Amino acid sequence: MSSQHDWSVRTRMTVLSSAVTALLCTIFSAVTLAGARADAVQDQKDHILLANQRAARSIVQNELPPVLPSRGIFQVIAPDGRVAAASPRMAGQPRLASFTPPGDSAKSDRVVCQAPGFHDTCLMVVALQIRVDGETWIIYGAQPVIPWYVDYRLLVILEAGAALLVAATAIAAYRTVSKTLRPVEAIRAELAEITSAGLDRRVPVPKHHDEIRELAETVNRTLDRLEAAVEQQRSLAEQQRSLAEQQRSLAEQQQRFVSDASHDLRSPITAARTQLEEALLHPAETDWPATAQASLASLDRLQAIVTDLLTLARLDAGTVFAADRVSLSELVESELTRRAPRVRIVTNLQPGVVVVGDGLQLGRLLTNLMDNAERHAASSVTVSVRRERDDAVLEVHDDGPGISPEEREFVFRRFARLDAARNKDAGGTGLGLAIAREIAGRHGGTLTIESSDRGARFVLRIPAA
């Protein structure tokens, strides 16, 4: 069976309008019945009170018969509490009710259930209190409680009227919605034809300025854009040419990188070759141990460059990193312990700062930052680890000449070279900071140079575990 979500708009609007009408009819009927019942109850009380007053006149005139001439439900209670008179229906019955009008009131009324002789019916009982010769008489008059619907004929009339009104509303709503949706059906049919026949057709626009006209105009504008998009496909060749230009630009960048790498590789080789050639020209006068040491230094630099190039190649190839829980403070302490620092190292390591990543790669990142800092520090390097909100922060701060703000991004480029005093030492390969930033990025973090009073302050931020 289909759910309400599968109903058509006509059905949903018809059901909604019928439900609203039914609710309004229910409220109107309830208000009508409540008002009619209130009037009927008041009339009932007045009628009972009038009969009680007739019995009171009989008491005042000392003409009270033992059996009251009434078809209703009445009792007269003498001052001594006995039933002095009653209507034929209450003859021989005990006292009808026990309540009396409060204080100086002459009358009061209550609904009494389980009254003598009426165990299955609740009664509206009106008590009238009079004083004769200094004695108090109580007159009880009662009638069955009026039902909530007052009279079944009134209830039938209200229900029949509500049913007719709901039916008329449903029919009117269905016809109105159907008439309103005719332009929508025409738009749908035309759209089906456009799908099969081509994009040069447009849906009909109704003459009335309403929401459906706006819908039709929007559909036509959408078809215009769709047709334009199809036309744009013809410019695909131009886009492909643009892509080729980008590829050529990328090739040029790669060529520059190869050129830079070749230059850095050639420098230590040339230095070692020159030293050996000079030594061979004067072998007897050459200090061969010193020459060997100089050649070994060139080979060490060559090995460092090759190692960094291989590391960059693995990073560019998307090498999969380990995903271990790494205590950043313990990692820094372990790496610093293995180093033979050339300057004083100051640490400020907050314990418990844990990240998820590759410990070996993070160690390589720290090593590169420390190598760079030691090369350019004047007297000391400060290393700190802390947690800031959801980030683990590692700082390496040297007291060297620093880096100007406009060059802070440039130093992270591969084979970057600065003319400032920070590059007077040729111990670096020009790849360490580029490798460090690549490792930071692969761990979902950032590596930047932030402002400081003196020197360069490298700040690594990685999401904390």
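User: How many helices and strands does the protein have?
Analyst: This is a predicted model: local features need pLDDT of at least 70, side-chain atom pairs count only at pLDDT 80 or more, and totals for chains, interfaces and linings use all residues. Residues are numbered from 1 along each chain as its sequence is written, and side-chain values use heavy atoms, without hydrogens and water. Helices (H or I, at least four residues) and strands (E, at least two) are DSSP runs, numbered from the N terminus. The protein has 8 helices and 12 strands.

User: What percentage of the residues is buried?
Analyst: Buried means under 20% relative accessible area, exposed over 50%, and partly exposed in between (1.4 Å probe, protein chains only). The protein has 465 residues, and the buried part of them is 34%.

User: What share of the accessible surface belongs to carbon and sulfur atoms?
Analyst: The area comes from the Shrake-Rupley method with a 1.4 Å probe. The protein has about 28300 Å² of accessible surface. The carbon and sulfur share is 55%.

User: Which residue of E2 stands opposite Val76?
Analyst: E1 and E2 are antiparallel partners, joined over 3 bridges. Opposite Val76 stands Ala85.

User: How many bridges join E4 to E5?
Analyst: E4 also pairs with E3, antiparallel over 6 bridges. In that pair, Val111 faces Met124 of E4. Met124 also stands opposite Gln143 in E5. E4 and E5 run antiparallel, and the number of bridges joining them is 10.

User: Why is E4 described as largely enclosed by the rest of the structure?
Analyst: Count the buried residues of E4, a strand of 10 residues. E4 is largely enclosed because the number buried is 8.

User: Which residue in the hairpin of E4 and E5 takes a positive phi?
Analyst: This hairpin has 2 residues between its strands. The phi is near 55°, and the residue is Asp133.

User: Is Asn62 buried or exposed?
Analyst: Asn62 sits in the loop between H1 (residues 9–60) and E1 (residues 73–77). Asn62 is not a glycine, yet its phi is positive, about 55°. Most residues other than glycine have a negative phi. With a relative accessible area of 72%, Asn62 is exposed.

User: What is the relative accessible area of Val150?
Analyst: Val150 lies in the loop between E5 (residues 135–144) and H2 (residues 152–197). Its phi is positive, near 65°. Val150 counts as partly exposed, with a relative accessible area of 22%.

User: Which residues does Ala36 touch, not counting those up to four places away in sequence?
Analyst: Ala36 lies in H1. Its C-alpha atom is 9.4 Å from that of Asp151, which is 115 residues away along the chain. The residues that Ala36 touches are Val150 and Leu154.

User: At what angle do the axes of H7 and H8 cross?
Analyst: Two packed helices are described by the angle between their axes and the distance between the axes. H7 spans residues 359–376 and H8 spans residues 432–442. Their axes come within 9 Å. They cross at roughly 145°.

User: How many nonpolar residues does the contact of H7 with H8 have?
Analyst: Residues in this contact include Leu362 and Leu365 of H7 and Ile435 and Ile439 of H8. Ala, Val, Leu, Ile, Met, Phe, Trp, Tyr, Cys and Pro count as nonpolar, Asp, Glu, Lys and Arg as charged, and the others, Gly among them, as polar. The contact has 4 polar and 1 charged residues, and the nonpolar number is 8.

Methods: Axes are lines fitted to C-alpha atoms, for helices over the stretch in contact, and angles run from 0 to 180 degrees between N-to-C directions. Contact means heavy atoms within 4.5 Å. Two strands pair if DSSP finds at least two bridges between them.
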